[in-house]
Amino acid sequence: MRWIYSMILIVIGAAQAWGWTEPERGSDTRAALMDAMRPHAEWVFCAPVQFVVRDLRVSGEYGFAMLSAQRPGGGAIHVPSTPGFARGTIDTVISDPTQIEVLYRLSGQTWVAVHFGMGSTDVWFSWTPYCDEYGAVIADYCK
């Protein structure tokens, strides 16, 4: 049990060192970030889509997330029966397209999923122009 508290303190310390925070479960910010990505995921996977948050960061007007898409209640998405698969825009051989990374920007009062990758096979968001703009939330991925 002690190691769990140690890990929590390490994560909190890392977040504070990098200058970002994780929006709490149930918060308006967290819901807005998920809602910003949902239409993109639903276009690929068909509605309804729910997200499992693996990493979520916000600093000022910038945000970053690593998500897993699923059906509400934890059901797996059968990718070969999705519109994205039918269109040929996702490939299940190379990677798992339900794994999503997102770079967000706050526009007025609205979070926008500006850049995202589904089933990425590399750390696409560590590209210098993204690091320059979104560094507050992805500095640990940038060199």
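This is a predicted model: local features need pLDDT of at least 70, side-chain atom pairs count only at pLDDT 80 or more; totals for chains, interfaces and linings use all residues.
Colleague: What share of the accessible surface of the chain belongs to carbon and sulfur atoms?

Modeller: The accessible surface of the chain comes to about 8300 Å². Of that surface, the share that belongs to carbon and sulfur atoms is 57%.

Colleague: In what order do the elements of the chain run from the N terminus?

Modeller: The chain holds four helices and four strands. Read from the N terminus on, the order of these elements is α-α-β-β-α-β-β-α.

Colleague: What percentage of the contacts with a separation of 6 or more is accounted for by residues 24 or more positions apart?

Modeller: The chain has 143 residues, of which 37% are buried. Among contacts with a separation of 6 or more, the part that joins residues 24 or more positions apart is 54%.

Colleague: Is strand β2 largely enclosed by the rest of the structure or exposed?

Modeller: A residue counts as buried under 20% relative accessible area. In β2, Tyr62, Phe64, Met66, Ser68 and Gln70 point one way, Gly63, Ala65, Leu67 and Ala69 point the other way, and all are buried. Since nine of the nine residues in 62-70 are buried, the strand is largely enclosed.

Colleague: Which residue of β3 is the bridge partner of Ala65?

Modeller: On one side, β2 is joined to β1 by nine bridges in an antiparallel arrangement, and Asp55 has Met66 of β2 as its bridge partner. β2 also pairs with β3 (residues 99-107), again in the antiparallel sense, over seven bridges. Within β3, the bridge partner of Ala65 is Val102.

Colleague: Which residue in the hairpin of β1 and β2 takes a positive phi?

Modeller: The hairpin has two residues between the strands β1 and β2. The residue there with a phi near 60° is Gly60.

Colleague: Which peptide bond is cis, with omega near 0°?

Modeller: Most residues other than glycine have a negative phi, and most peptide bonds are trans. In the loop between α2 and β1, Cys46 has a positive phi near 75°, and at 39% relative accessibility this residue counts as partly exposed. Pro48 is found in that loop between α2 and β1. The cis bond, with omega near 0°, runs from Ala47 to Pro48.

Colleague: Which element gives the most to the lining of the second largest pocket?

Modeller: This pocket has a volume of about 160 Å³. Its lining consists of Arg25, Arg30, Ala31, Met34, Asp35, Arg38, Phe51, Val52 and Val53, and the elements that give two or more residues are α2 (28-45) and β1 (50-59). By type, the lining residues divide into five nonpolar, no polar and four charged. With five residues, the element that gives the most is α2.

Colleague: Is Arg30 buried or exposed?

Modeller: Arg30 is found in helix α2 and is one of the lining residues of the second largest pocket. Not counting residues up to four places away in sequence, Arg30 touches Glu22, Pro23, Glu24, Arg25, Val53 and Leu56. The cut-off for a buried residue is under 20%. Because its relative accessibility is 11%, Arg30 counts as buried.

Key
Residues are numbered from 1 along each chain as its sequence is written. Side-chain values use heavy atoms; hydrogens and water are left out. Buried means under 20% relative accessible area, exposed over 50%, partly exposed in between (1.4 Å probe, protein chains only). Contact means heavy atoms within 4.5 Å. Accessible areas come from the Shrake-Rupley method with a 1.4 Å probe; for residues, only the protein chains shown count as cover. On a 1 Å grid over the protein atoms alone, a cavity is a set of points where a 1.4 Å probe fits but cannot get out, and a pocket is an open set with protein on both sides within 12 Å along at least five of seven lines; lining residues have an atom within 4 Å of a point. Grid points are joined across faces, edges and corners, and a volume is the space filled by probe spheres set on the points. Ala, Val, Leu, Ile, Met, Phe, Trp, Tyr, Cys and Pro count as nonpolar, Asp, Glu, Lys and Arg as charged, and the others, Gly among them, as polar. Two strands pair if DSSP finds at least two bridges between them.
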